[in-house]
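The tour goes stop by stop.

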Amino acid sequence: MFELGKKQSLIIVKELDFGVYLGETPNASADDRVLLPIKQVPQGSRIGDQLEVFLYKDSRDRLIATTNSPLLCVGEVGKLKVSQVTKIGAFLNWGLEKEVLLPYKEQTAKVREGDEVLVTIYVDKSSRLAATMKVYRYLERGGGYRKDDVVRGTVYEIREDMGAFVAVDDRFSALIPQREIYGEIKVGDVVTARVTSVKEDGKIDLSVREKAYLQIGKDAERILEIIDRFDGVLPFTDKADPGLIRRETGMSKSEFKRAVGNLLKNGKIVIETDDIRLVR
């Protein structure tokens, strides 16, 4: 059985001026053959030889074989470069003459020409090969990571109710929960993060923040930078709405309070009724 989007070892069963027909068996019927164009046929090949080929569809939607290897096969996850963006989606260079389409509905963020995007290849409802940025179910779990390991991964989707989904080493499933997000993180970012837990099912939770006793100094410095941008007066205190604090500082309310307390203790700020001021 031919497998669209995958490599297969097939037998040359017929030779023609414009190529050779391949089948799974030497006596494959006409309905069970696929064409390998002449420019793809290795020199010296004969009837009965086995060739490893990749099966896809040409511009006329016909099943066809190639001895070229795509950068990704069906179900594999990796990064492909956007060659052009059109009205129907983005076309990605995947190593074959015919580029693969990333439809708009399969994009988790807007992509532009030249971007490298993390995708997988799948067979769509029309039995065509396409790409998707929704790679969650194609990622592996586990990977042997342990708590406090430092890892790198690509952010492939962000959900406000959950956090940032990350493919660790572009292979393993992980999540930065919303409470652990620090600063601006967007789809396509390659982040360095700390493993905070590995669940029984192999899913990994991450944090881009240091442990609290290490992070507090960095948070304090960030607050000083923010106050400086406000000309020395931050127009809210640690009693402000958590959403406001998150939006302006990238910190949770508890993280903000710890850092503000650190600055107050070291005499770098004073806290007024409605604002925080630098000590000049």
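How many bridges join strand 12 to strand 13, and do the strands run parallel or antiparallel? Select residues 163-168 for strand 12: 6 bridges join it to strand 13, and the two run antiparallel. Strands and helices here are DSSP runs, numbered from the N terminus, with strands (E) of at least two residues and helices (H or I) of at least four. Two strands count as paired if DSSP finds at least two bridges between them.

A note before moving on. This is a predicted model, in which local features need pLDDT of at least 70 and side-chain atom pairs pLDDT 80 or more, while totals for chains, interfaces and linings use all residues. Residues are numbered from 1 along each chain as its sequence is written, and side-chain values use heavy atoms, with hydrogens and water left out.

**Stop 1: strand 13**

Select residues 172-177. 6 of the 6 residues of strand 13 are buried, so the strand is largely enclosed by the rest of the structure. Buried means under 20% relative accessible area, exposed over 50%, and partly exposed in between (1.4 Å probe, protein chains only). Show the side chains. Phe172, Ala174 and Ile176 point one way, while Ser173, Leu175 and Pro177 point the other way.

Now find Phe165. Its bridge partner in strand 13 is Leu175. Step to the hairpin of strands 12 and 13, with 3 residues between the strands. There Asp169 takes a positive phi near 55 degrees.

Next, select residues 204-207, which are strand 15. Strand 15 pairs with strand 13 in the parallel sense over 2 bridges. Ile204 stands opposite Ala174.

**Stop 2: rings**

The ring centres are 6.2 Å apart and the planes at 45 degrees, so the pair is tilted. Rings of Phe, Tyr and Trp (its six-membered ring) pair if their centres lie within 6.5 Å; planes under 30 degrees apart are stacked, over 60 edge-to-face, and the rest tilted. Tyr156 is buried at 2% relative accessible area, and Phe165 is buried at 10%.

Jump to Phe236 and Phe256. This aromatic pair is tilted too, at 5.8 Å centre to centre and 40 degrees between the planes. Phe236 sits in the loop between strand 16 and helix 2 (242-249), and Phe256 in helix 3, 20 residues apart. Both are buried.

**Stop 3: the sheet of strands 16, 18 and 17**

Select 233-234, 269-271 and 276-278. The open sheet of 3 strands has the order 16-18-17, with antiparallel pairing. Strands 16 and 17 stand at the edges with a single partner strand each, so one side of each lacks a neighbour in the sheet. Val233 stands opposite Arg277 in strand 18.

The term means a side-chain nitrogen of Lys or Arg within 4 Å of a carboxyl oxygen of Asp or Glu. Asp275 is buried at 13%, whereas Arg277 is partly exposed at 34%.

**Stop 4**

Select Lys199 and Asp205. Their salt bridge spans 2.6 Å, N to O. Lys199 is partly exposed at 38%; Asp205 is buried at 12%.

Finish at Glu97 and Lys39, whose side chains meet at 2.9 Å, N to O. Glu97 lies in the loop between strands 7 and 8 and Lys39 in the loop between strands 3 and 4, so the pair ties together parts 58 residues apart in sequence. Both residues are exposed.
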